[in-house]
Amino acid sequence: MKSTDVGEAILVGAKESKLGKIPVMSRIFIHLHTPGKIDFVRPKVAAKSIHKGQMATAVNATEKNSKGWNTVISKCSYQWQRNTKNIKGATKLNYKATSADVGKTLRLRTACTVTATAKTFSGFTANTKYSGAVRVS
(Lines give C-alpha, C1' and ligand atoms only; values in the text may rest on other atoms or scores of the structure.)
Protein backbone atom coordinates (compact mmCIF):
# COMPACT_ATOMS: atom_id res chain seq x y z
CA MET A 1 0.00 0.00 0.00
CA LYS A 2 1.30 3.48 -0.90
CA SER A 3 1.35 6.20 1.75
CA THR A 4 -1.70 7.77 0.13
CA ASP A 5 -3.82 4.64 -0.24
CA VAL A 6 -7.10 4.63 1.62
CA GLY A 7 -9.26 1.58 2.22
CA GLU A 8 -12.88 1.52 3.26
CA ALA A 9 -15.08 -1.22 4.68
CA ILE A 10 -18.87 -1.07 5.16
CA LEU A 11 -20.93 -3.39 7.39
CA VAL A 12 -24.65 -3.66 6.62
CA GLY A 13 -27.09 -5.92 8.51
CA ALA A 14 -30.79 -6.60 9.13
CA LYS A 15 -32.64 -7.39 12.38
CA GLU A 16 -35.95 -9.23 12.93
CA SER A 17 -38.76 -8.02 15.19
CA LYS A 18 -42.33 -9.22 16.01
CA LEU A 19 -43.65 -6.91 13.32
CA GLY A 20 -41.53 -8.57 10.66
CA LYS A 21 -38.19 -7.76 9.22
CA ILE A 22 -37.07 -4.21 9.78
CA PRO A 23 -33.91 -3.39 7.92
CA VAL A 24 -31.32 -1.82 10.16
CA MET A 25 -28.48 -0.17 8.32
CA SER A 26 -25.25 0.22 10.22
CA ARG A 27 -22.25 1.59 8.44
CA ILE A 28 -18.79 1.45 9.84
CA PHE A 29 -16.11 3.22 7.88
CA ILE A 30 -12.56 2.11 8.42
CA HIS A 31 -9.96 4.23 6.73
CA LEU A 32 -6.63 2.51 6.31
CA HIS A 33 -3.65 4.62 5.39
CA THR A 34 -0.06 5.27 6.21
CA PRO A 35 0.84 8.86 7.09
CA GLY A 36 2.89 10.64 4.45
CA LYS A 37 2.67 12.90 1.42
CA ILE A 38 -0.77 13.38 -0.08
CA ASP A 39 -1.46 12.36 -3.64
CA PHE A 40 -3.06 14.58 -6.27
CA VAL A 41 -3.40 14.87 -10.04
CA ARG A 42 0.05 15.51 -11.52
CA PRO A 43 0.11 18.46 -13.92
CA LYS A 44 0.55 17.68 -17.60
CA VAL A 45 1.43 20.05 -20.40
CA ALA A 46 -0.65 20.39 -23.55
CA ALA A 47 2.42 20.54 -25.86
CA LYS A 48 6.00 19.34 -25.52
CA SER A 49 7.38 22.23 -27.54
CA ILE A 50 6.29 25.80 -28.25
CA HIS A 51 7.71 28.94 -29.88
CA LYS A 52 8.42 32.33 -28.33
CA GLY A 53 5.10 34.16 -27.88
CA GLN A 54 3.05 30.96 -27.57
CA MET A 55 1.35 29.79 -24.40
CA ALA A 56 2.60 26.88 -22.34
CA THR A 57 -0.58 25.37 -20.92
CA ALA A 58 -1.04 22.93 -18.07
CA VAL A 59 -3.93 20.50 -18.10
CA ASN A 60 -5.22 18.29 -15.25
CA ALA A 61 -3.39 20.48 -12.76
CA THR A 62 -6.29 22.31 -11.21
CA GLU A 63 -7.07 22.17 -7.53
CA LYS A 64 -10.65 21.30 -8.51
CA ASN A 65 -9.50 18.11 -10.31
CA SER A 66 -7.51 16.96 -7.30
CA LYS A 67 -9.97 17.96 -4.58
CA GLY A 68 -12.74 16.09 -6.38
CA TRP A 69 -11.28 12.78 -5.24
CA ASN A 70 -8.86 13.83 -2.51
CA THR A 71 -10.70 15.89 0.08
CA VAL A 72 -7.70 16.30 2.39
CA ILE A 73 -6.25 18.95 0.03
CA SER A 74 -6.49 22.45 1.46
CA LYS A 75 -4.92 24.51 -1.32
CA CYS A 76 -2.71 24.17 -4.40
CA SER A 77 -0.28 26.71 -5.83
CA TYR A 78 1.43 26.87 -9.22
CA GLN A 79 4.84 28.11 -10.36
CA TRP A 80 6.31 27.92 -13.87
CA GLN A 81 10.03 27.24 -13.97
CA ARG A 82 12.70 27.84 -16.62
CA ASN A 83 15.43 25.19 -16.39
CA THR A 84 14.22 24.38 -12.82
CA LYS A 85 14.41 28.05 -11.66
CA ASN A 86 11.20 29.91 -10.74
CA ILE A 87 9.96 32.50 -13.25
CA LYS A 88 8.91 35.60 -11.33
CA GLY A 89 5.14 36.20 -11.51
CA ALA A 90 4.39 33.01 -13.50
CA THR A 91 1.87 31.47 -11.09
CA LYS A 92 -1.09 30.61 -13.35
CA LEU A 93 -1.86 27.45 -15.32
CA ASN A 94 -0.78 29.22 -18.53
CA TYR A 95 2.50 30.96 -19.30
CA LYS A 96 3.44 32.96 -22.42
CA ALA A 97 6.98 32.13 -23.57
CA THR A 98 9.34 35.09 -23.86
CA SER A 99 12.72 35.62 -25.54
CA ALA A 100 14.39 34.63 -22.23
CA ASP A 101 12.81 31.16 -22.64
CA VAL A 102 14.16 30.40 -26.13
CA GLY A 103 16.40 27.34 -26.01
CA LYS A 104 15.27 26.58 -22.48
CA THR A 105 12.90 24.07 -20.91
CA LEU A 106 9.78 25.06 -19.00
CA ARG A 107 7.80 23.05 -16.46
CA LEU A 108 4.99 23.71 -14.00
CA ARG A 109 5.56 23.08 -10.29
CA THR A 110 2.33 22.28 -8.42
CA ALA A 111 2.37 22.25 -4.62
CA CYS A 112 -0.66 21.15 -2.61
CA THR A 113 -1.11 21.46 1.15
CA VAL A 114 -3.40 19.46 3.42
CA THR A 115 -6.24 20.49 5.70
CA ALA A 116 -5.39 20.97 9.38
CA THR A 117 -7.54 17.97 10.32
CA ALA A 118 -5.80 15.65 7.85
CA LYS A 119 -2.41 16.80 9.10
CA THR A 120 -3.27 16.45 12.80
CA PHE A 121 -5.30 13.24 12.82
CA SER A 122 -4.02 11.35 9.78
CA GLY A 123 -0.43 12.52 9.52
CA PHE A 124 -0.71 13.60 5.89
CA THR A 125 1.77 16.19 4.64
CA ALA A 126 2.07 18.52 1.64
CA ASN A 127 3.38 17.30 -1.69
CA THR A 128 4.86 18.83 -4.85
CA LYS A 129 4.65 17.46 -8.39
CA TYR A 130 6.03 18.66 -11.71
CA SER A 131 4.65 18.63 -15.23
CA GLY A 132 6.52 17.25 -18.17
CA ALA A 133 9.00 19.47 -19.99
CA VAL A 134 8.09 22.10 -22.60
CA ARG A 135 10.94 23.06 -24.94
CA VAL A 136 10.88 26.65 -26.24
CA SER A 137 12.30 27.45 -29.69
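**Entry 1. Contacts and overall make-up**

I looked up the contacts (heavy atoms within 4.5 Å) in the chain: among those between residues at least 6 apart in sequence, 63% join residues at least 24 apart. The model is predicted, and I note that local features need pLDDT of at least 70, that side-chain atom pairs count only at pLDDT 80 or more, and that totals for chains, interfaces and linings use all residues. Residues are numbered from 1 along each chain as its sequence is written, and side-chain values use heavy atoms, with hydrogens and water left out.

I counted 2 helices and 11 strands in the chain. Both are DSSP runs numbered from the N terminus, helices being H or I of at least four residues and strands E of at least two. Read along the sequence, the pattern is β-β-β-β-β-α-β-β-β-β-α-β-β.

Of the 137 residues, 28% count as buried. Here buried means under 20% relative accessible area, exposed means over 50%, and partly exposed lies in between, with a 1.4 Å probe and protein chains only.

Leaving aside neighbours within four places in sequence, Ile-50 is in contact with Met-55, Ala-56, Ala-97, Leu-106, Val-134, Arg-135, Val-136 and Ser-137.

**Entry 2. Strand S5 and its sheet**

I traced an open sheet of 3 strands in the order S3-S5-S8, with antiparallel pairing. S3 and S8 are the edge strands, each pairing on one side only. Two strands are taken to pair if DSSP finds at least two bridges between them. Strands of a sheet pair through backbone hydrogen bonds, either parallel or antiparallel.

Strand S3 (residues 44-45) is joined to S5 by 2 bridges, and the bridge partner of Lys-44 in S5 is Val-59. On the S8 side (residues 94-96), 3 bridges join the strand to S5. Ala-56 stands opposite Tyr-95 in S8.

I checked the faces of S5.

**Entry 3. The disulfide**

I found 1 disulfide in the structure, the term meaning a pair of cysteine sulfur atoms within 2.5 Å. Cys-76 is joined to Cys-112, with S to S 2.1 Å. Cys-76 lies in strand S6 and Cys-112 in strand S9, so the pair ties together parts that are 36 residues apart in sequence. The torsion about the S-S bond is about 100 degrees, and the disulfide is therefore right-handed. Cys-76 counts as buried at 6% relative accessibility, and Cys-112 counts as buried at 0%.

I placed Ser-131 in the loop between strand S10 (127-130) and strand S11 (134-136). Ser-131 is buried, with a relative accessible area of 7%. The side chain of Ser-131 reaches the backbone nitrogen of Leu-108 at 2.8 Å. Apart from neighbours within four places in sequence, Ser-131 is in contact with Arg-42, Pro-43, Lys-44, Val-45, Arg-107 and Leu-108.

I placed Asp-39 in the loop between strand S2 (20-24) and S3. Asp-39 is buried at a relative accessible area of 19%. The side chain of Asp-39 makes a polar contact with the side chain of Lys-129 at 2.4 Å. A polar contact is a pair of N or O atoms within 3.5 Å; within protein, one must be able to donate a hydrogen and the other to accept it, and residues adjacent in sequence count only if both atoms are side-chain atoms.

I placed Thr-91 in the loop between strand S7 (85-86) and S8. Thr-91 counts as partly exposed at 38% relative accessibility. Not counting residues up to four places away in sequence, Thr-91 touches Tyr-78 and Gln-79. Thr-91 and Arg-109 are 18 residues apart in sequence and 9.2 Å apart in space, C-alpha to C-alpha.
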